[in-house]
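Subject: Structure handover and notes

Hello,

Here is the structure for your files. My notes on it follow below.

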Amino acid sequence: MSPKIAHHAAEKHHHHTHATGSRHPGGHHLLAVEHLGVSFTMYDPAAPFFSGTRMVSRAIRDLSISVHVGEVLAVVGASGSGKTLLADAVLGLNESNALVTGSIWFDGAPQDAASLARLRGNGIALVPQSVAHLDPLMRVGDQIVGFTARSRAEKHARRERMRELMGAYGLDASVERLYPHELSGGMARRVLLLCALMDDPRLIVADEPTPGLDLDRAVQALGDLRAFANQGGGVLLITHDMELALRVADRVAVFRNGTVVEETAVENFARPELLEHPFSRALWRAMPEHDFDVPAAREGGAQKTVGSML
């Protein structure tokens, strides 16, 4: 069923509550993921090598999230818990042995793997997890401009667009002549963002964009994503850093055991009683400003999982 229904700022629907500024231009979300499941067909690793039987490993189950125009939605969960598989599903980057079920809607239109692949770089852009995505043998400017332009005029227009973005995001014009190894960690992260912005996406999927950065540069990197959202885009921020997520996000989707257990406005992390799920409340108590207080008995034994996340 289409998520294109009447919305009101105070109501709860599609598994989430709204943030203060949640908007629904056209009566729908920018991105809506409904009941997503991702499983993999594989050989049983416990079976003998020459007689292994096939099995199905379920990585994501019944996952639903939504991103509004003008907002940052942070998907927060432990490293290695499968959050990147959500990014892959939204971008249509599924492995050949993956079985993907559920529904994905972009700007009110239903999508399949083929249409999501067409949207990749043409409406939906990825800011990848690792700066290793930059080609070490190619100058930064050439990587940002890319190779989609066919005519000299198009190439010139794209290079002008690159320079406009570099100025907007605090990169000196000389950076376009550098190679990736000559960039600082913060500069390299910003170059990845500029690569994503070159074709005017409406949605950015940012997969762990801050590892390896000190606090100031991490805050700056997330500030760039916040600026994109403020200009009318949407951001799906996948991270394990709860503190940074609360600095920049409008809403938070709490990821556990292959699904989202709660999707709520960031304001609700002001007090644990505003959170619905025990694991969300355990995350709140595990933050440094709350003295790492994670009473396992009171919160359904979530202490070990929370500890591995922070």
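Buried here means under 20% relative accessible area, exposed means over 50%, and partly exposed is in between, with a 1.4 Å probe and protein chains only.

Before the rest, two notes on the source. This is a predicted model, in which local features need pLDDT of at least 70 and side-chain atom pairs count only at pLDDT 80 or more, while totals for chains, interfaces and linings use all residues. Residues are numbered from 1 along each chain as its sequence is written, and side-chain values use heavy atoms, with hydrogens and water left out.

Overall

The protein chain has 9 helices and 10 strands. These are DSSP runs numbered from the N terminus, helices being H or I with at least four residues and strands being E with at least two. The chain has 310 residues, and 48% of them count as buried. Its accessible surface comes to about 15,000 Å², and carbon and sulfur atoms account for 53% of that; the areas come from the Shrake-Rupley method with a 1.4 Å probe, and for residues only the protein chains shown count as cover. Taking contacts (heavy atoms within 4.5 Å) between residues at least 6 apart in sequence, 64% join residues at least 24 apart.

Salt bridges

The whole structure contains 15 salt bridges, each defined as a side-chain nitrogen of Lys or Arg within 4 Å of a carboxyl oxygen of Asp or Glu. Lysine 83 takes part in one of them, with glutamate 208 as its partner and 3.7 Å between the closest N and O atoms. Lysine 83 belongs to helix 1 (residues 83-91) and glutamate 208 to the loop between strand 7 (203-207) and helix 6 (215-230), so this pair ties together parts that are 125 residues apart in sequence. Glutamate 208 is buried as well, with a relative accessible area of 7%.

Arginine 161 and aspartate 200 form another salt bridge, at 2.6 Å from N to O. Here arginine 161 sits in helix 4 (residues 152-168) and aspartate 200 in the loop between helix 5 (185-197) and strand 7, 39 residues apart. Aspartate 200 counts as exposed, at 53% relative accessibility.

Aspartate 250 and arginine 226 also pair, with their closest N and O atoms 2.8 Å apart. Aspartate 250 is in the loop between helix 7 (242-248) and strand 9 (251-256), arginine 226 is in helix 6, and the two are 24 residues apart. Both aspartate 250 and arginine 226 are buried.

There is also a network of salt bridges that links Asp142, Arg159, Glu160, Arg163 and Glu176.

Nonpolar cores

In soluble globular proteins, nonpolar side chains tend to be buried together. A nonpolar core is taken as a set of buried Ala, Val, Leu, Ile, Met, Phe, Trp, Tyr and Cys residues joined through side-chain atoms within 4.5 Å. The largest one has 49 residues, and Ile204, Leu225 and Leu237 have the most contacts inside it. Helix 5 supplies the largest share of this core, 7 residues. Another core, of 30 residues, lies apart from it and includes Leu36, Leu63, Val90 and Ala253.

Leucine 165 is in helix 4 and counts as buried, at 6% relative accessibility. Leaving out residues up to four places away in sequence, leucine 165 touches Leu194, Leu197 and Met198. Leucine 165 and methionine 198 are 33 residues apart in sequence, and their C-alpha atoms are 8.0 Å apart in space.

Two strands pair if DSSP finds at least two bridges between them. Strand 1 and strand 4 (residues 98-106) are paired in the antiparallel sense over 8 bridges. Serine 103 in strand 4 is the bridge partner of glutamate 34.

Backbone points

Histidine 35 is not a glycine, yet has a positive phi of about 55°. Histidine 35 lies in strand 1 (residues 31-43) and is partly exposed, with a relative accessible area of 42%. Asparagine 257 also has a positive phi of about 55° without being a glycine. Asparagine 257 is found in the loop between strand 9 and strand 10 (259-265) and is exposed, with a relative accessible area of 55%.

Regards
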